[in-house]
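Please look through the structure below before reading on. The paragraphs after it are meant to be read alongside it.

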Amino acid sequence: MSAPLGKDLLGLEHLSAGQITLILDTAEPLREISERAIKKVPTLRGATVVNLFFEASTRTRISFEFAEKRLSADTVNVATAASSVTKGETLVDTAKNLEAMRIDMVVIRHGSSGAARFLAERIESNVINAGDGTHEHPTQGLLDLLTLRQRFGTLEGKRVCIVGDVLHSRVARSNIWGLTKLGAEVAVCGPRSLLPSAIADFGVQVFDRVEQAIEWADALNVLRLQLERMTAGYIPSLREYNRVFGVTRERLDRAPRDLLIMHPGPMNRGVEIDSEVADGPHSVILDQVTNGVAVRMAVLYLLAGNAPALAEAAKGGNR
Amino acid sequence: MTESRDILLRGGRLLDPSTALDGVGDLLVRDGKVEALGGTLAAPDGAQVIDCAGQVVAPGFIDVHCHLREPGREDVETILTGARAAAAGGFTAVCAMPNTDPVTDNQAAVGFVLKQGRAAGAARVYPIGAISIGQKGERLAEFGEMVHAGAVAVSDDGRPVVSAHLMRTALEYARTFGIPVADHCEEPTLAAAGDMNEGYVSARLGLKGIPAEAEEIMAIRDILLARRTGGHVHLCHMSTKGSVELIRWGKEHGIAVTAEACPHHLSLTEAEVEGYNTNAKMNPPLRSAADVEAMQQAVKDGTIDVIATDHAPHHSDDKQREFGDAPNGIVGLETALAVNVTWLVKSGIMSLGTLVERMSCAPARLFGLPGGTLRRGAVADITVFDPSLAWTVDPGAFLSKGRNTPYGGRLLHGRVGCTLVDGRVVHTRMG
Amino acid sequence: MSTAPTIVLNARALERTVARMADEIVEQADGTESLVLVGIQRRGVQLAERVAKVIAAREQVTVPRGALDITLYRDDLQTVGPRPIVGKTDIPCAIDGKTVCIVDDVLYTGRTIRAALDELADFGRPARIMLAVLVDRGGRELPIHADVVGRTVDVPRGGRVDVGVVEIDGCDEVTLVLAGEAT
């Protein structure tokens with residue numbers, strides 16, 4: 001019998017609903033560990049995990065680092081310059097070096113879509129995608145799902161709208177896959193210049209105005225708008241973006257029901273989301289952060305230690 | 001000067017659309033020319049007899065678009081290895097694009113390519129000169145000098161001619177020399193940083209897409225400029241349904257536009273990119289199923305005049321990179337025949353005769369090159385091939401230095417038996 | 001030759017055994033003053049619940065109960081292929097200085113209890129840790145012993161003891177399954 005998740009976690013697109021549920025169900029009891037005085041269990045003792053971050057990211061890296069340390073793994077952080085051209089060593093050589101050092105697990109964040117898969121195909125170690133280009137950010141998607149599930153009980157039939165720059169967002173893609181597989185109704189909302197032209201093929205609704213999204217949704221996942229989008233000509237200004245698409249107190253006051261507000265962080269207060277909303281009673285943004293560590297612990301736990309042949313020998317009940 | 005041996009090609013299916021010839025018979029080659037053909041011919045004394053039973057004997061294929069990388073990237077391909085790979089693919093002649101390093105934009109560079117081609121002694125190599133100095137898109141290169149030195153066309157391929165004014169001037173200026181101006185149709189701001197066709201697949205994979213309109217906008221621009229100037233514009237590697245419709249419109253209006261398509265755009269879709277396969281990355285990219293279908297029909301009905309390979313070898317190190325960083329291009333000389341036979345002929349879309357017309361007769365005619373016919377007295381550039389022979393593509397066995405193909409491991413139909421250039425066998429797999 | 005599993009304890013017998021275990025626990029702990037019951041996931045939790053109910057009836061005292069899932073402390077995680085499901089751990093009060101009684105359904109190799117001891121150590125430092133098990137089937141691989149035993153069962157090679165509780169399995173029953181028998 002092979003491991004339930006396979007060797008790597010590269011994205012949510014090709015996971016089954018059962019596999020996603022397994023990760024969430026595993027993350028739930030792991031939350032408690034972060035509440036203990038001694039925030040550590042010996043599960044991954046002796047395992048070596050490398051956090052290979054080609055893109056700067058404090059929050060995701062710290063979250064992974066806590067998850068690894070709370071499972072007693074040995075962690076090494078490698079932060080390198082963005083592209084293989086500037087850093088001088090190809091991703092192929094990086095992979096070979098990691099393999100030669102017998103690293104057990106690699107958590108990789110990279111600016112190129114497909115980079116996590118590229119690495120996973122070349123090394124035996126487990127590879128966890130912490131964000132590859134604009135492709136997927138599976139642990140973020142999972143922690144978003146866990147947060148919603150905690151509040152709603154189930155995702156079946158729940159209406160979740162992703163607001164913002166879906167075109168460039170790996171968080172949006174992972175969320176769309178995860179939510180759809182768990183039975184939620186998914187919509188996106190943003191200027192058309194920031195939505196993929198093939199968005200209809202994803203089976204999601206599209207709202208051109210955020211008022212419509214607020215009218216419809218049970219929860220909003222508000223994406224960060226990056227300054228580069230303005231300089232690259234996708235939208236005229238951040239000011240206009242806030243005035244037309246900003247999730248503000250005034251807009252939420254007109255909502256027919258209490259919406260949950262989510263944001264993957266870091267927030268541009270006053271651009272895509274107002275402080276009143278981010279810090280308000282319906283915001284679950286901090287829950288997302290707490291769940292992030294638990295979800296990452298669950299993923300590390302489920303991926304680590306694949307040795308099916310030995311498993312057979314150990315069978316026979318061990319009490 | 002050594003006398004070359006007579007060669008008798010015995011019992012093959014003689015297939016020459018230029019003379020509406022299609023029937024089993026013999027063909028005698030003497031002094032580099034087609035001496036006699038049809039029926040049963042007696043073998044002259046000392047003649048080499050090649051048994052072509054079960055094979056097709058056709059005018060040699062001509063590839064009007066390939067990249068031989070020399071000068072500049074001899075590590076990836078040389079004119080020698082490229083010419084040999086061409087011969088292995090049944091090509092008796094290829095036209096080498098000028099985006100080398102340095103760019104082939106003057107008579108000396110053109111002369112160099114010709115010289116290397118002659119020395120290779122395999123397929124003929126005709127240089128294509130650059131449209132602009134350094135292919136920078138600013139000043140015209142010396143078309144006259146380059147043609148005098150042996151260039152058969154001009155192109156800035158690798159890049160589009162961004163300036164409509166430059167394209168217009170090139171078309172007008174080329175009229176003096178009677179050569180086609182070949183354009184790589186890509187609107188740069190729409191296509192910028194794109195890695196594959198824009199669509200659902202690119203959205204799922206998180207890769208920036210190149211919309212079909214990037215090609216179509218330049219195609220119609222070039223067609224309109226050809227109308228204005230009376231020049232001959234040749235549109236390189238067309239790939240979309242929309243482009244086909246525009247070319248058809250142009251031809252219906254009597255405009256001198258010709259177009260080429262590559263075997264990969266006639267067989268594979270954007271789905272090949274799944275898994276971030278860099279051997280499916282080229283420019284223009286693999287498109288949708290609807291585009292492939294429209295392209296296949298266009299080759300059949302002649303809207304697309306010729307099939308060219310856009311053979312673009314790359315070092316495996318360069319292709320073994322994150323998708324976004326990998327260079328565009330795949331090799332094609334040694335798989336073109338098989339891909340075309342498998343997807344166009346075997347599938348029932350068109351006849352073998354039409355395929356030979358698109359791969360041999362039309363390229364010769366449109367670019368004013370010798371060959372493309374088996375009529376008596378024509379130069380003996382001949383391809384003998386078995387259209388039903390099944391074989392598995394093994395990139396490791398390519399004569400080209402490039403291994404970057406999406407067809408590796410596939411079972412295809414159609415293989416070259418032997419290739420004759422100027423009446424000499426330059427490649428053979430036959431005993 | 002019997003082919004059906006043998007029932008070692010039926011529902012009524014199980015109830016009596018649990019009642020006696022509760023008395024022994026209180027006796028060995030010298031009262032309920034600083035007693036904390038910690039059930040091992042999964043069925044140990046239900047058994048701890050029942051012990052607490054008996055103690056409440058007898059002593060009119062509600063003894064604090066916790067649940068301990070030891071999956072993350074297992075010593076065989078590297079060899080067991082598919083990852084075992086992790087259950088809930090909930091220790092609701094401080095255990096420093098307390099008498100903690102671990103409650104489990106079956107004591108066999110002792111590895112589960114070893115894991116439980118390691119995990120409890122991460123929660124605090126009890127004054128004393130006791131072990132109460134419903135079934136002791138022998139076969140220890142570590143020097144672990146139970147202070148309170150419901151029933152000692154001799155299990156032939158290849159066999160096992162199944163404990164069923166109504167909350168999970170639909171009925172209260174302890175059965176002995178021999179090698180080759182259908183369940």
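What follows takes up the contact between the chains and then a sheet with its helices.

This is a predicted model, in which local features need pLDDT of at least 70 and side-chain atom pairs count only at pLDDT 80 or more, while totals for chains, interfaces and linings use all residues. Residues are numbered from 1 along each chain as its sequence is written, and chains are lettered from A and ligands numbered from 1 in the order in which they are written.

The contact draws 21 residues from chain A and 15 residues from chain B, where two residues are in contact if their C-beta atoms, placed from the backbone, lie within 7 Å. On the side of chain A that touches chain B, at least two residues each come from helix 4 (91-100), helix 5 (115-120) and helix 7 (170-181) of chain A, helices being DSSP runs of H or I with at least four residues, and strands runs of E with at least two, numbered from the N terminus. Helix 5 of chain A gives the largest share of that side, 3 residues.

In chain B, 3 strands make up an open sheet in the order 6-7-8, with parallel pairing; two strands pair if DSSP finds at least two bridges between them. Strand 6 (61-66) and strand 8 (124-127) of chain B are the edge strands, each pairing on one side only. Strand 7 (residues 91-96) of chain B is joined to strand 8 of chain B by 4 bridges, and Ala96(B) has Pro127(B) in strand 8 of chain B as its bridge partner.

Helix 1 (residues 79-88) of chain B packs on the sheet and touches strand 6, strand 7 and strand 8 of chain B, its direction making about 140° with that of strand 7 of chain B; axes are lines fitted to C-alpha atoms, for helices over the stretch in contact, and angles run from 0 to 180 degrees between N-to-C directions. Helix 12 (residues 352-367) of chain B also packs on the sheet, touching strand 6 and strand 7 of chain B, and its direction makes about 60° with that of strand 6 of chain B.
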